[in-house]
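Hi everyone, thanks for coming.

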Amino acid sequence: MKATLITLATLVVLSLSATFYVINMGVPTWAANPILAYQAESVVKAHLSDPESAQFKNQDGMCGEVNSKNKLGGYAGFQRYIGAGKTLVFDDNSDSFEDLWQINCVLTDKQREQVYKVLIDTKPL
């Protein structure tokens, strides 16, 4: 649980960094940013047993789905991922991943900014 919270906090911080970077570059939305999609793809491929077999779909910035061959040579099925910087989280069917997915991959930029504002303004107990 503690590791999940640390991962969540890391992704939120990295997501904020990526958002500010994209805003400073004058890009209207991070979701449409092909640079972030390429970076996420590279991070995902580095974690696969057969990176050359990777098939990507539903890519949207740092979010997407990947299918690749496993060690036995068969395709394992599409799996959701969120990649930011050098951090990568694959869908493990946990509530924490679903929360990350909703914040980083589903919300509009305006909604995401509101969530980040609450997280930044919230003081630790």
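Before we look around, one term: I call a residue buried when its relative accessible area is under 20%, and exposed when that is over 50%. Please also keep in mind that this is a predicted model.

Let's start with the cysteines. How many disulfides does the structure hold? There is 1 disulfide, and C63 and C105 form it, with their sulfur atoms 1.9 Å apart. C63 sits in strand β2, residues 63-67, while C105 belongs to helix α3, residues 95-106, so the pair ties together parts that are 42 residues apart in sequence.

Now, are these two cysteines buried or exposed? With 16% relative accessibility, C105 counts as buried. C63 counts as buried too, at 2% relative accessibility.

Next, please find helix α2, residues 34-46. This helix has 13 residues, and from its first C-alpha to its last it reaches 18 Å, close to the 18 Å expected at 1.5 Å a residue.

Which residues of α2 are buried? They are L36, A37, A40, V43 and V44. Those residues cover an arc of only 125 degrees around the axis, which puts them on the same side of α2.

Notes
Residues are numbered from 1 along each chain as its sequence is written. This is a predicted model: local features need pLDDT of at least 70, side-chain atom pairs count only at pLDDT 80 or more; totals for chains, interfaces and linings use all residues. Side-chain values use heavy atoms; hydrogens and water are left out. A disulfide is a pair of cysteine sulfur atoms within 2.5 Å. Helices (H or I, at least four residues) and strands (E, at least two) are DSSP runs, numbered from the N terminus. Buried means under 20% relative accessible area, exposed over 50%, partly exposed in between (1.4 Å probe, protein chains only). The expected span of a helix is 1.5 Å times one less than its number of residues. The arc is that of the directions from the helix axis to the C-beta atoms.
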